[in-house]
Structure formats: C-alpha cells, structure tokens
Amino acid sequence: MRETIRHLEEWANPRTVVVLTLLLLGALWTVVIVSAVSARQASIIATGERLQRMTHAVEEQTRHQLRLLDIFLMSCESWLSANSSRNPRSDPAFRRLIEGFRSRTGESIDILLLTANGEVSDVRSKAKGRLASLADSEHFRGALANPGLFIGSPERDPSTGHLGLPVALSLQNPAHGIQMLVALIDLPRLTRAYDEQRQKPGGAITLLRRDGTILARAPDDQQLPSRSLADGELFRKHLATQSQAFVLFDDKADGLAREFISFSSMPDYPLLIMVSENYDDALAAWLRQTVWIVLLALGVTVPLTVIAYRSLCLLQALASQNAQLQQLVDTDRLTGVSSRQHFVETLQQELELAQRQQSPLAVLLLDIDFFKRINDGYGHAVGDQALVTFATVAKRCLRGRDLLGRLGGGEFSILLPETEVKQAVRIAERVRLEVAAISIPTENGTVQFTVSVGAGAACATDRSTDDLLKRTAQALHNAKAGGHDRIALA
C-alpha cells in the first residue's frame with residue numbers, strides 16, 4: 001500500500017508531469033522544426049536546379065540567335081567584298097539577301113547600313129533613302145573601336161521607331177561609303193520570348209552586357225533597359241569570383257530585392273544571362289506545407305497540454321485520496337493514535353535503526369484495567385469516551401519522537417526511541433498517575449479507571465518485533481497478575 005502511494009506521489013509530482021510533457025512537446029516541435037528546415041532547404045535546392053536549367057536554356061537560345069546574326073553579318077560583309085562594284089543600297093540581290101534573313105527570323109531583326117560619318121541607310125523595299133545619323137550612338141562608336149560584333153544599349157529603330165537592341169559590325173573593307181552593318185533586334189519581341197519562359201508570376205529573365213548594362217528584361221519594364229547594375233551586389237560580390245552560380249539576392253539598391261537568382265556569364269559573347277524568381281513565390285508551397293504542419297503540431301500540443309493538466313489534477317486527487325486512505329490505515333479511528341499495523345511497522349523500523357546504531361529502544365504495553373466492565377456497566381459510548389480520554393492523557397506525557405498506538409480494545413502501546421528502560425519506567429509512571437486521575441461523569445455515576453503497564457527494552461538478540469513484544473507482553477501480564485495499576489519490567 002505504501003509503495004503504491006509512493007509511486008502515485010511520484011507521478012502526481014507536478015515536476016514529473018511537467019518534465020514529461022515538455023519532453024514530449026520538445027520532441028514534437030524538434031521534429032517539426034527539423035522537417036521544416038529540411039523541406040525549406042530541399043525547396044531552395046529544387047528552385048536552384050529549375051532556375052539553372054532555365055538559365056542554360058536562355059543562354060543557348062541567345063547564343064544561337066547571336067551566332068546566326070554573326071553568320072549573316074559576315075555573309076553581308078563577304079557579299080560587299082565580292083561585289084565592290086555594286087551599290088548595296090539599291091542592288092536587288094543584296095536586298096533579297098536582307099529580306100531572306102528577315103523572313104527566316106520572323107522579321108524580328110532589321111539590317112541597317114551606316115556610313116563612316118554615321119548616316120543610316122535601309123535597303124528594304126520600303127526604305128526611303130538616308131535616315132537620321134547615328135554618329136553619336138554608343139554602338140557606332142563601340143564598333144569602330146572594337147573589332148568583331150559589338151552589342152550596344154537599346155535604341156530606337158530609325159525606320160520604325162521601335163525599341164531595338166543594336167548589334168554592330170565594322171567592315172574591314174568599306175565599300176560604297178558603307179562603314180558598318182547594324183542588326184537591330186526587335187526588343188519587344190525578344191522580351192516576349194523571355195516572358196514566355198520565365199517563372200510566373202514573380203520570375204524574371206534579364207539580359208545584361210558584361211559591363212552591367214541591362215539590355216532586355218521580362219517582364220518588360222521600360223525604365224530598366226540601358227540601366228547599369230555594375231555597382232550592385234551581383235557584380236561586386238558574385239561575378240568577381242564566379243562566372244555562374246545560384247544565389248539568394250537581397251540588394252534593394254538594384255530593385256531586385258529578395259530573389260533567388262541564377263546567372264551565367266557567356267564566355268563567347270560579352271553578355272550575362274540572369275534568371276530570377278521571387279523569394280516568396282519560390283517558397284510558397286513550402287510555406288503552405290509548413291503552416292499545415294505547424295497547425296497539426298498545435299493541434300497535438302493543445303490537447304496534449306490539456307491532457308497533461310487534467311492528468312496532473314487526477315493524479316494529485318488520487319494521491320490525496322490514497323494519502324487519506326493511508327491515514328485511515330495508520331490511525332485508530334476512535335482515538336486518533338497510531339493503528340496496530342502502523343505501530344508494528346514503525347517499531348520494526350526503529351528496531352533495525354537501534355540495532356545498526358547500537359542505541360537504546362524501549363516499548364510500553366498498557367492495558368486499561370477492567371475495561372470490559374466499563375463497557376458492560378456504563379455502555380460502549382462511555383467506554384469509547386474512556387479510550388479517547390486515556391489517549392489524550394497519555395499523549396501529554398510523551399516526547400516528540402515517541403509514538404502512542406492502540407493495539408485493540410483497551411490495550412495501547414508506546415514506542416520510545418533512544419530511551420533506556422529506566423527512563424521508560426519514569427514515563428510509564430507518569431502515564432499511570434495521569435490516568436488514575438481521570439474522572440468521567442455519567443448518568444450512572446463517575447467512571448474512574450487505572451492502567452497496568454509492561455515495560456520492555458530491545459536487545460541485540462531480538463530478531464524481530466515479535467521477540468520484543470512477547471517479552472513486554474509477559475511483563476504486562478505480570479503487572480496484571482500482581483494486582484493491576486502497576487508497572488512490571490520484562
């Protein structure tokens with residue numbers, strides 16, 4: 001019974017319940033956090049792989065278009081060299097060459113002829129001779145200063161007014177005053193092609209020159225072309241150490257805040273492909289999944305907390321009830337002193353302690369003289385009153401560690417730890433005198449009684465409480481046989 005109560009008290013201990021609950025909740029939320037972090041990392045890796053594949057595809061598409069353009073411009077240069085006597089501005093064969101190329105490119109590229117002073121000529125059938133001068137344009141000056149193809153900043157097509165991306169080639173052998181060939185890529189069409197490939201809704205594809213100038217971007221933003229990102233984080237931090245990578249970009253100064261970016265610098269052209277996706281859009285699926293996991297964890301946490309609280313209350317109630325039951329077991333219901341079972345258990349513990357420490361231990365057995373006559377002559381109610389009064393008087397004669405117990409009927413016992421038998425006799429004498437002075441008035445007269453006492457002391461040969469109690473019981477028997485109201489030693 002005591003062992004059961006002890007276990008219940010351990011489980012009912014608030015610290016135990018709180019610790020177990022916190023361990024369970026800690027394990028649950030550790031799993032939630034680890035899974036969320038792992039899922040986020042997996043989502044970022046998947047985004048990086050997707051953007052890098054898109055970057056490679058856009059790079060190959062751009063490279064193919066530039067190679068095709070390079071081949072055509074070289075073909076035009078070869079035609080001009082081979083036909084130096086023919087004027088390309090009006091020659092039908094050269095015009096068919098230009099129109100055939102425009103047809104194969106879906107009329108997305110215009111070819112212009114520039115003289116040494118930057119004057120523009122259009123050889124198409126709708127051309128009206130010389131157009132405005134481009135002598136001050138970037139691509140004109142750049143192509144003159146650099147051999148091979150020069151890609152300039154976006155400019156307006158002099159013939160159509162459309163925004164175009166100029167690719168210029170300065171001729172090694174000018175003919176008929178033609179110094180330069182310029183292919184003008186229709187920028188809206190290029191932007192639409194990029195727009196079809198970008199990750200929607202928040203993704204973007206940007207074509208830049210290696211000096212940081214934005215050449216094209218999807219979705220279209222009229223303010224971005226020709227703007228430079230050379231001072232931004234991409235060029236300062238990443239391109240300085242690697243030609244291609246996948247990074248988290250958070251440079252508000254560049255207007256590209258909080259984005260995942262995959263970039264690749266083309267080794268054969270002075271261009272840079274940058275494919276980006278909005279951070280929130282890229283992690284939206286992960287965020288939704290994490291929210292559901294957190295809600296599920298909360299759905300477990302709240303009931304678990306409630307269950308733990310209710311369990312704690314229940315265990316405490318059970319422990320309290322068992323403590324009350326144990327109190328009933330340990331206490332004599334009538335007198336409030338120790339019960340026989342509790343007295344014997346305590347005596348066993350004190351006997352073992354006395355033997356280990358070699359300290360004295362004394363026991364008194366007390367029996368109310370002729371108690372049966374009180375019950376029979378005055379009634380059980382008076383007999384009960386006599387027992388209660390005796391217990392009250394006897395407890396007044398005891399010390400702190402002394403224990404008074406009722407063994408049954410009118411028989412009591414007193415446990416006296418660390419007490420020699422001589423001191424026990426003095427205590428017994430005090431109890432005997434106090435009891436003799438008890439006077440209980442009743443309807444049938446006053447009840448007075450005495451008590452006989454047997455005193456015994458523990459010895460090293462006692463193997464159990466029975467040995468000590470038998471000797472003390474014999475002393476009590478001797479006290480009664482000697483005439484009652486006296487003390488006898490074992």
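**Close-up views of a predicted model**

View 1. Leu287 sits in helix α8. The model shown here is predicted. Together with Val291, Trp292, Leu295 and Leu298, Leu287 forms a nonpolar patch on the surface. The accessible area of these residues together is about 520 Å².

**View 2. Ser338 in a loop.** Helix α8 spans residues 284-330, and α9 spans 340-357. Ser338 lies in the loop between these two helices. Is Ser338 buried or exposed? Ser338 is buried, because its relative accessible area is 5% and buried means under 20%. Which residues does Ser338 touch, leaving aside neighbours within four places in sequence? Its contacts are Asp330, Asp332, Phe343, Leu403, Leu404, Gly405 and Arg406.

**View 3. An open sheet of five strands.** The strand order is β14-β15-β13-β18-β19, and the pairing is mixed. Strands β14 (403-408) and β19 (487-489) form the edges, and each pairs on one side only. On average, neighbouring strands in this sheet are turned by 20 degrees against each other, direction ignored.

**View 4. Strands β18 and β19.** Strand β18 covers residues 451-457. It pairs with β19 in the parallel sense, over three bridges. Ala455 has Leu489 in β19 as its bridge partner.

**View 5. Helix α13 across the strands.** Helix α13 is made of residues 465-481. This helix lies across β13 (361-368), β15 (411-417), β18 and β19. Relative to β18, helix α13 runs at about 145 degrees.

Note on methods:
Residues numbered from 1 in each chain as written. Predicted model: local features only at pLDDT ≥ 70, side-chain atom pairs only at ≥ 80, totals over all residues. Heavy atoms only, no water. Helix = DSSP H or I, 4+ residues; strand = E, 2+ residues; numbered from the N terminus. Buried < 20%, exposed > 50% of the residue type's maximum accessible area, 1.4 Å probe, protein only. Contact = heavy atoms within 4.5 Å. Pairing = 2+ DSSP bridges. Axes fitted to C-alpha atoms, helices over the stretch in contact; angles between N-to-C directions. Patch = residues over 30% accessible without salt bridge, like charges linked within 9 Å, V, L, I, M, F, W, Y side chains within 5 Å. Areas by Shrake-Rupley, 256 points an atom, 1.4 Å probe, with all protein chains shown as cover. Salt bridge = Lys/Arg side-chain N within 4 Å of Asp/Glu carboxyl O.
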